[in-house]
Amino acid sequence: MKLICKIAQNEIRNLFYSPVAWFLGIAFWVLCALTFTDSLVQMVNIQEVSLQNNPAFEGFLWASLTNIILIKGSLFSVVISNLYFFLPLLTMGLISRELNNGTIKLLYSSPVKPIHIVLGKYLAIVFYCVCLLGILSIFLVISLFTIMHVDGGIVLSALLALFLLICTYAAIGIFMSCLSTYQIVSGVATFLLIFALSAVGQLWQEYDFVRELTYFLSIGGRTERMLKGLITTSDIIYFLSIITMFVSFTYFKVKGATTSRPWAKALSQYAIVVVIVLTVGYISSRPACIAYWDVTRNDVNTIHPKVQDILHKFDKGSPLKVTLYVNLLDNSIGRGGTPDQRKSYEMNLWEGYVRFKPDIQFDYVYYYDVMPGDSSLYKQYPNKSLKQIAEIVGKIIRVNPDRFISPAEIRKRIDLTAENKRVVMHLEYKDKETFLRTYDDGMFWPDQMNTAAAFKRLLQEDLPKVLFTSGNLERSIYKTGEREYNYLSRDIGNRQALINMGFDSDTIDLDHQDIPKGIAALVVADPKTSLSTLKQDKIRKYVNNGGPAMFVGEPGKQDLLNPLLNDLGVQFSPGTLVEVTKNETPDMVRPMITKEGFSLSDQYRIERDRLRIGKPVAQGSIAMPGMVAVSVTGKTDFKPLQILTTDPQRKAYNTIDKLIVDSVPPVFTPSRGDTQKASYTAMLGLSRKKGDSEQRILVAGDGDFLSKLRQGAGMFSVAMFSWLDNNRLPVYVVPPEPIDIFFTISNTTAQTIRAVSLYLMPALLLLTGVVILIRRKRK
């Protein structure tokens, strides 16, 4: 050990007096200073301007400043992406210089063994790399005094990632240094090998045999998880394995120069190390063998505890099988379904779930097919068969069409017509199965809420079911028109549809069917003809027995539902609400979500806190074209909750006259029956204790806000049905709010830090280096 330390000490002295080492150190400082201070000055300036324009500015509520200033696209990311420029220049002369000068013979003739030479020189370069980390740490210390509540866990994890990457590059560099007597050749070879290891993970990913091998060997992206604050044993073992492999190669090369061995025996040493490293890497990357440590403040890299609880309900001895079906002729294939994207699909989408259920099995089925009656491809490629079209499309997107089975074969396996033959996952557990879908939005893949809903379908016998009445021209959940409710309830392409949140939905004709017990809600949505006495009696009986329900009305049709609502102590007021605004038609009313509205569900309760709902400017609104007011008429044993109310600043009023929306704006005229209040109720919630449970009812004065044209009201509609079902579903996954959202310095201080870091400190380092090197040369 003393000999190793002595060699390391001597090499450190050489580095200390090396102009290249000083030049690289100063360049590293400038890189860190430029990246860090640019982000700091920009964000501090935004904060200062925001405070000037809005004294109530509370910080960057939408993001973590630790990530913005130090991690994502900033300090650590830039340093890691440019690190391969520094290490080859540092390591290229470690051993090649000894070979070129002939001093290696002195080392061989001394009592120093090859292992001492290799480890001593390697430790020396690692020490230099630690000095580089010390430079980086100065900026981390600055961030502690400039950002309020810095997330220390993610910073330490990023430091670990950078240290391991530097040590890996150093191991590669020292090996390449012993292969040539020319330093420049060693430096170029180091650069090329690092580039090859960074790119190998993108090569031959379509081949099952080499995918795992190239993924393990790839150094590119290995630091991404640690930069996010997630430390895994597989990543740690990878870096240690690669370091061990190249240091061993260096030892074999140095030792081989002093001994004479047959080439086969010498080659077998390298082969044995490679086999051991690949074996260790393969075993350590198995899901059951990986340990995880999420060091972030709010465990942002870990799936939500509610989803974890669902995964724990799966039997350990019963695997969950996930089959990805990919249609070559579907437009969504390019977003992540091709064979070469398998590893990305497994790591980015499923790794968080595999962490808690390691026996998830993955299968893949690639096929080509079109929906029945769809002739668009035949028109686009005239006189071509479907197989020929598949071959053409395969060439366009650069996949092998021979891997995709024919329509006849896929139809024998499974019928995907209901899934529109697009990229979809088929989940199987024991004797149950369900689909987990992809979506045509920015995310494409399902989120934790969609995945948890699919898991619930595999684990629960009965899921909440919402029944929509039919027979009186109500809004339909099966029609896809812009006024209908298919998008809200059964549209598989809408991630927020009830079907993708864990709810089932269907229609019921009360003239011929009875309302079953245990449903999530009965919805009477904008009937256009009078409900029969039988239907009204069934609805009254259902409500009196404590069933949850929702009643949706429209202007001019109040009398169709008021007989039922009067029993609840509420009614739809006569007339139509009017809001005269600059850009909208007068029938477009935009009621605000109240505090009670934001409390419909866990997600909206947290959203309310985020928006600081005491401030009118922060309150969200729902577009309701053509609305009637909901009013309480008398005594009722229900507790009324104001869910949506009109904004007093928009000065809504109620008119009895027919509202004309495509002419000059209407004028409030009391003599013609127009009335005005400070605020009108657009949606009213009713709740009461009924036996051991709580009965909940919603009454809304507009049916269009849930239509396809209005995107089904987005997550607000999910919150509504969740509240009606006592919030059993969906499984809400709300990311925790960051607290490192405010800077503690002014723009002037940030500019001072930039000037000192970018100009004064590099000048001092340069002056120090010049003085040391000149004094060394004189000696």
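Helices (H or I, at least four residues) and strands (E, at least two) are DSSP runs, numbered from the N terminus. By that numbering, leucine 192 lies in helix 10 (residues 183–199). This is a predicted model, in which local features need pLDDT of at least 70, side-chain atom pairs count only at pLDDT 80 or more, and totals for chains, interfaces and linings use all residues. Residues are numbered from 1 along each chain as its sequence is written, and side-chain values use heavy atoms, with hydrogens and water left out.

**Strand 21 and its partners**

- Six of the eight residues of strand 21 (residues 693–700) are buried (under 20% relative accessible area; exposed is over 50%, partly exposed in between, with a 1.4 Å probe and protein chains only), so strand 21 is largely enclosed by the rest of the structure.
- Strand 20 (residues 681–690) runs antiparallel to strand 21, and eight bridges join them; two strands pair if DSSP finds at least two bridges between them.
- Lysine 689 has glutamate 694 as its bridge partner in strand 21.
- Two residues separate strand 20 and strand 21 in a hairpin, and glycine 691 in the turn has a positive phi of about 70 degrees.
- Strand 10 (residues 549–552) pairs with strand 21 in the parallel sense over four bridges, and valine 552 has alanine 700 as its bridge partner in strand 21.

**Aromatic rings**

- Rings of Phe, Tyr and Trp (its six-membered ring) pair if their centres lie within 6.5 Å; planes under 30 degrees apart count as stacked, over 60 as edge-to-face and the rest as tilted.
- The count by this rule is 27 aromatic pairs.
- One of them is the edge-to-face pair of phenylalanine 57 and phenylalanine 60, at 5.7 Å centre to centre and 85 degrees between the planes.
- Phenylalanine 60 and phenylalanine 743 are also edge-to-face, because their ring centres are 6.2 Å apart and their planes are at 80 degrees.
- That pair links distant parts of the chain, 683 residues apart: phenylalanine 60 is in the loop between helix 2 (19–53) and helix 3 (65–71), and phenylalanine 743 is in the loop between helix 26 (715–724) and helix 27 (747–778).
- Phenylalanine 60 is buried at 2% relative accessibility, and phenylalanine 743 is buried with a relative accessible area of 2%.

**Two helix residues**

- Glutamate 351 is in helix 16 (residues 342–354) and counts as buried at 13% relative accessibility.
- Leucine 192 is partly exposed, with a relative accessible area of 49%.
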